[in-house]
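Here is a friendly briefing to read alongside the model. Take a look at the fold first, then work through the points by topic.

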Amino acid sequence: MSEQEMETKCRELRQLQRLIEEAQQEVETIKDALKAEMGESEAIQAGEYKITWKAVKTARIDTSALKTRMPDVAALFTRETTARRFTVA
């Protein structure tokens with residue numbers, strides 16, 4: 001692929017990323033409107049659609065606190081991984 005073709009692909013990529021961001025923002029706006037309408041309800045029916053908005057509890061380990069209070073244990077269970085990050089600047 002030539003440099004000019006790569007530049008064209010990068011431009012295309014940027015345009016598509018902007019479209020995705022705009023669509024994601026619109027999705028969030030619609031979700032927020034539905035949530036506001038639901039109020040404290042966990043589920044409602046809207047024609048053929050069932051909309052649910054329920055509380056979900058999760059438990060996670062606070063790795064910062066673990067490293068501070070028990071660094072040996074944190075080191076024992078820490079696993080290092082390598083990944084490649086793709087960016088177009």
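**Salt bridges and overall shape**

E28 is partly exposed, with a relative accessible area of 39% (partly exposed lies between buried, under 20%, and exposed, over 50%, using a 1.4 Å probe and protein chains only). This is a predicted model, in which local features need pLDDT of at least 70 and side-chain atom pairs count only at pLDDT 80 or more, while totals for chains, interfaces and linings use all residues. Residues are numbered from 1 along each chain as its sequence is written, and side-chain values use heavy atoms, leaving out hydrogens and water.

- E28 pairs with K31 through their side chains at 3.8 Å, N to O.
- Both E28 and K31 belong to helix 1, where they sit three residues apart, about one turn of the helix.
- K31 is also partly exposed, at 42% relative accessibility.
- R11 and E7 form a salt bridge at 3.3 Å, N to O.
- R11 and E7 are four residues apart in helix 1 (residues 3-38), so about one helical turn separates them.
- R11 is partly exposed at 45% relative accessibility, and E7 is partly exposed at 46%.

**Fold and hairpin**

- The protein chain has three helices and two strands, taken as DSSP runs numbered from the N terminus (helices are H or I, at least four residues; strands are E, at least two).
- Along the sequence, these elements follow the pattern α-β-β-α-α.
- Strand 1 (residues 43-46) and strand 2 (residues 49-52) run antiparallel and are joined by four bridges; strands pair if DSSP finds at least two bridges between them.
- I44 stands opposite I51 in strand 2.
- Two residues lie between the strands of this hairpin, and G47 there takes a positive phi near 65°.

**Size and surface**

- The protein chain has a radius of gyration of 22 Å, whereas a compact globule of 89 residues would be near 12 Å (taken over C-alpha atoms; the globule rule is 2.2 Å times the number of residues to the power 0.38).
- The C-alpha trace spans about 55 × 50 × 20 Å along its principal axes.
- Buried residues account for 3% of the 89 residues.

Terms used
A salt bridge is a side-chain nitrogen of Lys or Arg within 4 Å of a carboxyl oxygen of Asp or Glu.
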